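Thanks for passing this one along. Here are my notes, as numbered points, to read with the model open beside you.

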Amino acid sequence: MLNIYAGANAINTLKNDGFNNDVFSSFLGASGGPKWFTLFGLDKYLFSEFFKQRTQPLTLIGSSAGAFRAACFAQRDPVSAISRLAKYYSETVYSDNITPAEISRKARLLLAEVFGSDGASHVIQNPVFQAHFIVAKTKGLVAFENKALQLTGLLKSYAMNRVSRSLLRSQYERVIYQSPYSNLKLKDDSGFITHHIELTAQNISDALLASGSIPIVMQGIKNISGSPKGMYRDGGIIDYHFDLKIESPAGLCLYPHFNANPKAGWFDKNLKRAVNPQNYSNTVMLAPSDSFIKSLPYSKIPDREDFTTLTAAERIKYWKTVLSETERLAEALADFINKQDMSVIKAL
């Protein structure tokens, strides 16, 4: 049902201190569009029960869909916020002649539903659940909105990444929009220039939208308030599933993820390149089992291709079923926490 993986140091910590909210200091949320629906039940359980009484800071780090989830977790009522995100995302319907402008416009409507009237201020002012949205600042052809130029730039990125991930530094910089209370420090083996920018009322909406603005599919976000001038796009370009070491805060990182094979960046999806295992030494990953995935409609987790391969009615029914079925993953996690049977944990 639910697989639990842990890095070398994380396994020792859990065996010594138990699986409890105090051992975790950070939380990761990956890119992947509607794939995150498989984590919906876990998200609700973690932020309504597991972390409910937390008083120590928890660093929430997300790119794209993971950033939207972080924006929900840092609100006063995280379960209501993540439920709104799931509802409006799953029910979104596009026209037959879809354009990047339409997708971006509906993404802004989704963002407005997630934040409501005062959710953005809750995120900025929350000293315990500290949100961080990862965004990619683009350079060169990828910064253009013209589809042909942008596509040429992406093909160049793909080719360079096959040689070395570090070559992407010529086209992208990492921007982390973060809580005013944050002391986040990261180590990146690939050496991307990284900007840390404080979340404000003026930039939070654009920063979050930029983190999910998929190249070609959506419009980029230009000249975000308080940021270096330029074009900002999906954070998953650089940090799709993450290959970073969290140097501060110290402690373990909890990472609910839709599979146990993380890829560093967007262009690594179809490569055999593995992440650095040392960067996952302090990580505990929660992932649905193969048997759980096979039990879902179509025997797979949701993805963006469902928008084109299924009718709107079929897709919405399928996605709603997945959202409901993930309650079983939450029950499995609660059972594990109650029993504290560390023998079920697998090496990550």
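1. Let me begin with helix α5, which covers residues 100-115. This is a predicted model, and in it the 16 residues of α5 reach 22 Å from the first C-alpha to the last, close to the 22 Å expected at 1.5 Å a residue. Just past the end of the helix, G116 adopts a positive phi of about 60°.

2. Which residues of α5 are buried? They are E102, I103, S104, A107, L110, L111, V114 and F115. As a reminder when you read that list, an α-helix has 3.6 residues a turn, so residues three or four places apart point the same way.

3. Because 6 of its 8 residues are buried, α8 is largely enclosed by the rest of the structure. The buried residues in α8 are I204, A207, L208, L209, A210 and S211.

4. Now a step back to the whole chain. The protein chain contains 12 helices and 13 strands. How does its radius of gyration fit with a compact globule? For 348 residues a compact globule would have a value near 20 Å, and the chain's 19 Å agrees with that. The C-alpha trace spans about 55 × 45 × 45 Å along its principal axes.

5. A few totals complete that overview. Buried residues account for 56% of the 348 residues. If you take the contacts between residues at least 6 apart in sequence, 76% of them join residues at least 24 apart. The accessible surface is about 14,600 Å², and carbon and sulfur atoms hold 51% of it. As for charge, the mean positions of the 39 positive and 31 negative charges lie 5 Å apart.

6. S64 is not a glycine, yet its phi is positive, about 55°. S64 sits in the loop between β3 (58-63) and α3, and it counts as buried because its relative accessibility is 9%, with the cut-off at under 20%. F242, likewise a residue other than glycine, has a positive phi near 85°. The loop between β9 (231-233) and β10 holds F242, which counts as buried at 2% relative accessibility.

7. Another backbone detail to check is the peptide bond from S248 to P249, which is cis with omega near 10°. P249 belongs to the loop between β10 (245-248) and β11 (252-256).

8. Is K44 buried or exposed? This lysine in helix α2 (residues 40-50) counts as buried, since its relative accessibility is 18% and the cut-off is under 20%. Apart from residues up to four places away in sequence, K44 touches E49, V79, I82, S83 and E327.

9. L168 is found in the loop between α7 (147-163) and β5 (172-178), and at 2% relative accessibility it counts as buried. Once neighbours within four places in sequence are set aside, its contacts are S157, M160, N161, F192 and F267. L168 and F267 are 99 residues apart along the chain, and their C-alpha atoms are separated by 9.9 Å.

10. What does M342 touch, leaving aside its neighbours within four places in sequence? The contacts are L14, K15, G18, F19 and F336. M342 lies in the loop between α12 (327-339) and β13 (346-347) and counts as buried at 15% relative accessibility. From M342 to F19 the separation is 323 residues in sequence, but 8.6 Å in space from C-alpha to C-alpha.

11. Last, a look at G191. This glycine is in the loop between β6 (185-187) and β7 (194-198) and is partly exposed, with a relative accessible area of 34%.

Key
Residues are numbered from 1 along each chain as its sequence is written. This is a predicted model: local features need pLDDT of at least 70, side-chain atom pairs count only at pLDDT 80 or more; totals for chains, interfaces and linings use all residues. Side-chain values use heavy atoms; hydrogens and water are left out. Helices (H or I, at least four residues) and strands (E, at least two) are DSSP runs, numbered from the N terminus. Buried means under 20% relative accessible area, exposed over 50%, partly exposed in between (1.4 Å probe, protein chains only). Contact means heavy atoms within 4.5 Å. The radius of gyration is taken over C-alpha atoms; the globule rule is 2.2 Å times the number of residues to the power 0.38. Accessible areas come from the Shrake-Rupley method with a 1.4 Å probe; for residues, only the protein chains shown count as cover. Lys and Arg count as positive and Asp and Glu as negative; His and the chain ends are not counted. The place of a charge is taken as NZ of Lys, CZ of Arg, CG of Asp or CD of Glu. The expected span of a helix is 1.5 Å times one less than its number of residues.
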